[in-house]
Amino acid sequence: MSGRLVGVLGGTGPAATAYFLQRLVERTEARCDQDHVRTLAFNDTAIPDRTAFLLGRSDRSPLAALIEDGQLLEACGCDLLALPCNTAHGFFDELQEALGIPVVHMVRETVAAAAALVASVHGTTISANLPS
């Protein structure tokens, strides 16, 4: 098989996982099925509620389940992980520390993409070519 394998740590919002996968397919420039991003999605809906834990309404942390699922995807050969749930990013640092593969931080990537877009919108042909 060729191409990197992207693990999708899903189920923490099954609709968010489905939407992420749909957008990945829609936004991939592919002429045929084989041009698409190789993914392995684990939609684990048994992960304890992230919001309830973070707001102190539950003592059941989702962290152990997130790590276990991430390690399963890593053991299956994934090269990196996507985490489609915004709230699950509250456990990002601990999750990343427990894994040997990178986890894409959706919020940081979005901020970086927005910053790049803003920079290009504010630039002009003249200002872009001025010496620094």
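Contact here means heavy atoms within 4.5 Å of each other. The structure is a predicted model, in which local features need pLDDT of at least 70 and side-chain atom pairs count only at pLDDT 80 or more, while totals for chains, interfaces and linings use all residues. Residues are numbered from 1 along each chain as its sequence is written, and side-chain values use heavy atoms, with hydrogens and water left out.

The chain holds six helices and four strands, taken as DSSP runs (helices H or I, at least four residues; strands E, at least two) and numbered from the N terminus. Their order from the N terminus is β-α-β-α-α-β-α-β-α-α. Among contacts between residues at least 6 apart in sequence, 61% join residues at least 24 apart. The accessible surface comes to about 8600 Å², with 56% of it belonging to carbon and sulfur atoms; areas come from the Shrake-Rupley method with a 1.4 Å probe, and for residues only the protein chains shown count as cover. Of the 132 residues, 29% count as buried, that is, under 20% relative accessible area, with exposed meaning over 50% and partly exposed in between (1.4 Å probe, protein chains only).

Next comes the interior. A nonpolar core is a set of buried Ala, Val, Leu, Ile, Met, Phe, Trp, Tyr and Cys residues joined through side-chain atoms within 4.5 Å. The largest such core has 18 residues, and Leu9, Leu66, Cys78, Leu81, Leu83, Leu95 and Val103 touch the most other members. Strand S1 (5-10), helix H3 (63-75) and helix H4 (92-98) each supply at least two residues of this core, and H3 gives the largest share, four residues.

Cys78 is buried, at 4% relative accessible area. Beyond its neighbours within four places in sequence, Cys78 contacts Leu5, Val6, Gly7, Leu40, Leu73 and Ile101. Cys76, by contrast, is partly exposed at 44%. With a disulfide taken as a pair of cysteine sulfur atoms within 2.5 Å, the count comes to zero. The sulfur of Cys78 lies 6.4 Å from its closest cysteine sulfur, in Cys76, and is therefore too far away for a bond.

Thr17, in helix H1 (residues 14-27), is buried at 5% relative accessibility. Leaving aside neighbours within four places, Thr17 contacts Val8, Gly10, Gly11, Asn43 and Pro84. Phe53 belongs to helix H2 (residues 50-54) and is partly exposed at 27%. With neighbours within four places again set aside, the contacts of Phe53 are Ser58, Asp59, Arg60, Ser61, Pro62 and Phe91.
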